[in-house]
Amino acid sequence: MKTVFVTVGTTKFDELIENVTSKEAHGYERLVLQVGRGSLLPTVDSCLHIRLEAFRFKDSIAEDMKQADLIISHAGAGSCLEALGAGKPLLVVVNDKLMDNHQLELAAQLHMDSHLLYCTCSTLIQTLRSMDLSALQPFLPGQPRKFATFLDKALGVR
Amino acid sequence: MAVLLGAVFAVVFICLLFFIRLYIVVKTGAKYKPGNKGQIAVLVVAGSGGHTTEVLRLMECLSAAYTPRHYVIADTDRMSEEKICTFENSKQCSDSESQFTIHRIPRSREVHQSWNSSVVSTLNALRYSLPLVFRLRPDMVLCNGPGTCIPLCVAGLLLGILGMKKVLLVYVESICRVQTLSLTGKILYPISDYFFVQWSSLRDRYPKSIFLGRIV
């Protein structure tokens with residue numbers, strides 16, 4: 001079953017949840033929502049056009065990500081990196097109501113490097129209609145070992 | 001009259017001494033090699049959500065020499081403690097010597113909190129940070145951006161200024177920051193001993209920073 005997994009991490013992003021549950025299914029059959037601290041927690045029968053599941057938090061969303069064919073995420077680093085690390089096509093929705101919205105920088109850079117698609121709530125529907133996931137490039141994981149090596153040398157660890 | 005003059009002179013002198021000490025502490029960071037004595041005590045600041053995930057990624061490859069590890073989280077943070085315990089338990093393979101502790105301090109600033117009240121809450125967090133850092137005496141503070149780390153870094157700096165212990169400030173700007181530094185980064189950039197950025201555009205703008213590419 002073609003599945004979309006939506007995640008907002010530890011934040012609250014009601015506008016995304018509203019927009020993603022509105023009328024169209026865009027070719028997907030199952031929609032799983034992780035709503036975090038949001039005020040909207042849709043019930044299973046609230047969507048007629050798609051099979052819906054929703055929850056606030058889980059100890060790990062690795063399994064939900066693994067089962068997804070598409071991940072829609074807020075622009076938080078943890079969520080983005082986890083989705084990219086799972087090797088799934090990622091659409092990031094930037095929350096333009098946040099103070100100073102620095103999240104845009106990461107989404108924009110990763111988008112420039114063709115690792116994800118990005119949009120805002122107002123352009124979400126349009127993006128879902130017209131997106132081309134095959135153009136996305138694989139994302140290589142970061143290397144904390146470089147950090148450790150540098151620190152060992154700088155601090156005189158033998 | 002002479003007493004007043006004397007008092008003014010004393011205050012000015014102390015301030016001058018303070019700034020000279022601050023200058024010395026900041027400039028001599030690179031010379032301090034706590035690795036020489038074997039163990040490096042680390043104070044790790046875990047902010048909420050992504051910050052904790054990133055800082056634990058950074059910790060992943062640190063050797064057993066970095067012990068004990070003292071994690072400090074904000075009192076309103078519900079999720080970091082679990083992430084830390086999971087991380088630490090996964091490390092418990094061979095070293096029975098590795099130890100970790102978790103401490104809570106008031107949050108310096110909540111997301112969306114106004115800047116004015118943030119100054120007050122940061123000062124409040126300082127009230128808790130000073131005794132904590134003075135007690136733990138870490139060799140190094142590791143942080144990556146949440147406001148929670150500022151009072152802890154200030155406390156670490158103070159320990160050095162007072163000549164009690166040199167505490168290295170290691171700051172790794174979040175991977176979210178591509179073009180601009182966070183407010184915490186801007187504040188800590190002049191006083192950090194090791195300041196890492198993860199995108200080349202920031203390295204170009206902040207020459208004192210260290211760029212190793214993406215490290216989380």
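Reply: Let's start at T148(B), which is buried, since its relative accessibility is 3% (buried means under 20% relative accessible area, exposed over 50%, and partly exposed in between, with a 1.4 Å probe and protein chains only). This is a predicted model, in which local features need pLDDT of at least 70, side-chain atom pairs count only at pLDDT 80 or more, and totals for chains, interfaces and linings use all residues. Residues are numbered from 1 along each chain as its sequence is written, chains are lettered from A and ligands numbered from 1 in the order in which they are written, and side-chain values use heavy atoms, with hydrogens and water left out.

T148(B) sits in the loop between β4 (140–143) and α5 of chain B. Helices (H or I, at least four residues) and strands (E, at least two) are DSSP runs, numbered from the N terminus. Setting aside residues up to four places away in sequence, T148(B) touches V45(B), A74(B), I105(B), R107(B) and S108(B), where contact means heavy atoms within 4.5 Å.

Now step into α5(B), residues 149–161, which packs against α1(B), residues 2–27, at an angle of about 105 degrees with the axes 9 Å apart. The axes are lines fitted to C-alpha atoms, for helices over the stretch in contact, and angles run from 0 to 180 degrees between N-to-C directions. The two helices, α1(B) and α5(B), are therefore roughly perpendicular (65 to 115 degrees; under 35 is roughly parallel, over 145 roughly antiparallel and the rest oblique). On the α1(B) side, the contact is made by F18(B), R21(B), L22(B), V25(B) and V26(B), and on the α5(B) side by L157(B), L158(B), G160(B) and I161(B). Sorted by class, this contact has seven nonpolar, one polar and one charged residues. Here Ala, Val, Leu, Ile, Met, Phe, Trp, Tyr, Cys and Pro count as nonpolar, Asp, Glu, Lys and Arg as charged, and the others, Gly among them, as polar.

Within α1(B), L22(B), V25(B) and V26(B) are buried, and the cover over the buried residues of α1(B) includes α5 of chain B. An α-helix has 3.6 residues a turn, so residues three or four places apart point the same way. The 26 residues of α1(B) should span 38 Å at 1.5 Å a residue, and this agrees with the 37 Å between its end C-alpha atoms; the expected span is 1.5 Å times one less than the number of residues.

Next, follow β4 of chain B to the loop that joins α4 (115–136) to it, where R137(B) is found. R137(B) is not a glycine, yet its phi is positive, about 45 degrees. At 34% relative accessibility, R137(B) is partly exposed.

Finally, the largest nonpolar core has 57 residues, and those with the most contacts inside it are F147(A), L155(A), Y66(B), M140(B) and L142(B). Such a core is a set of buried Ala, Val, Leu, Ile, Met, Phe, Trp, Tyr and Cys residues joined through side-chain atoms within 4.5 Å. Leaving out neighbours within four places in sequence, Y66(B) is in contact with L151(A), D152(A), L155(A), V157(A), I40(B), V42(B) and M140(B).
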